[in-house]
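Subject: Structure for you to look at

Hello,

Here is the structure I said I would pass on. Please open it beside this message and follow the points below in order.

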Amino acid sequence: MKPRIAVLGCGYWGSNHVRTLKGLGALYAVSDANRDRAEGFASEQNCLALTPDELFEREDVDAIVMALPPQFHAEAAIRAVGAGKDVLVEKPVALTVEDAERAVAAARDKGRVYMVGHVLRFHPAFEKLKALVDAGELGEIRYIHSHRLGLGKFHTENDALWDLAPHDLSMILAITGAAPVEVHGEGAAALDHLSDFAHLHMRFPGNLRGHLFASRLNPYRERRLTVVGTKGMAVFDDVEPWERKLAVYHHSIWQDSGQWAFTADEPHYVPVEQGMPLTRELEHFIQCIETRAEPRTNGEEAIRVLQVLTAGTVRHQRIV
């Protein structure tokens, strides 16, 4: 029998969790501050509709997926693990490092699974990219840069950095295997006091460098992660079709008579097994509930990502 999982928060992303869990045979209940919305999903998916208070009190709910506005995640997670439930908390898991640490510590003290929804860690193209890095196919990694650009969404509590960058930071930290020793942030606010454009510059142990650019006010979509090594470069481009999502470029660079010379090859597109990252993420969550294994994207990772976001946040004066 699969775990009985409820979804708390049936907005845009929460509704994706609802439908995916239903397809996996693990959806037990839905809950939302808007009772009509919850009842609509419950009727559509043939599951229970519970108020948030009922959700925490029900002993027949084994785990909760939380897709709330981020300012509510920490307290909801603390309440859930205190009631004996495992949790998957969408990003960002909190708006302060301190709140995230409290929630993760509460889960650890209660022996509950705490997983963060860094869904791109479960993308088949990223998993293949990380395997190439771990196998040394790209040589020593020297630089990583990511671009996540598009139009919207616009939030009143978190800016483009906090809304868009957690995905890329999670992937970058997984590749480096270490937290940055130096973080510098730059931001620009075009609409109000929150950054619509955000840059992060990072330095990691061994002088590995990283750069991240996120924008929610851009006319075109870009979803690209580039890893530069001494033996090759790789690009994970999620806008491309499956057969072109992961490209590897092999190159040689050397000095000849005091001048730099190089060779550059056409990209080699690495075959990637197709699969929905959200489905794979929720399958992993179910497996962790059943086996009590530590999630790939655990609470400690969530805290590390928040630490980088906090260090790189730029504050702007509120526009009157």
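Thr-20 is buried, because its relative accessible area of 16% falls under the 20% cut-off. Keep in mind that this is a predicted model. Thr-20 belongs to helix H1, which covers residues 12-23. Which residues does Thr-20 contact, leaving aside its neighbours within four places in sequence? They are Leu-278, Thr-279 and Leu-282.

Next, the sheet. Six strands make up an open sheet, and their order across it is E3-E2-E1-E4-E5-E6, with parallel pairing. Strand E3 (48-50) and strand E6 (114-117) are at the edges; each has a single partner strand, so one side of each has no neighbour in the sheet. On average, neighbouring strands of this sheet are turned by 20 degrees against each other, if direction is ignored.

H1 packs on this sheet and touches E1, E2, strand E4 (63-66) and strand E5 (86-90). The direction of H1 makes about 165 degrees with that of E1.

E1 runs parallel to strand E2 (residues 27-31), and four bridges join the two. E1 also pairs with E4 in the parallel sense, again over four bridges. Ile-5 can be followed in both directions: it stands opposite Leu-27 in E2, and its bridge partner in E4 is Ala-63. For Leu-8, the bridge partner in E2 is Ser-31.

Are the residues on the two faces of E1 buried or exposed? In a regular strand, side chains alternate between the two faces of the sheet. In E1, Ile-5 and Val-7 lie on one side, Ala-6 and Leu-8 lie on the other, and all are buried, so both faces are covered.

The last item is a pair of helices. Helix H6 (residues 124-134) and helix H7 (residues 160-176) have axes that come within 10 Å and cross at roughly 25 degrees. Angles under 35 degrees count as roughly parallel, so H6 is roughly parallel to H7. The crossing of H6 past H7 is right-handed. On the H6 side the contact is made by Phe-126, Leu-129, Lys-130 and Val-133, and on the H7 side by Met-171, Ala-174 and Ile-175. Of the residues in this contact, six are nonpolar, none is polar and one is charged.

Regards

Technical notes: Residues numbered from 1 in each chain as written. Predicted model: local features only at pLDDT ≥ 70, side-chain atom pairs only at ≥ 80, totals over all residues. Heavy atoms only, no water. Axes fitted to C-alpha atoms, helices over the stretch in contact; angles between N-to-C directions. Parallel < 35°, antiparallel > 145°, perpendicular 65-115°, else oblique. Left-handed = near helix turned anticlockwise from the far one by under 90°. Contact = heavy atoms within 4.5 Å. Nonpolar A, V, L, I, M, F, W, Y, C, P; charged D, E, K, R; others polar. Buried < 20%, exposed > 50% of the residue type's maximum accessible area, 1.4 Å probe, protein only. Pairing = 2+ DSSP bridges.
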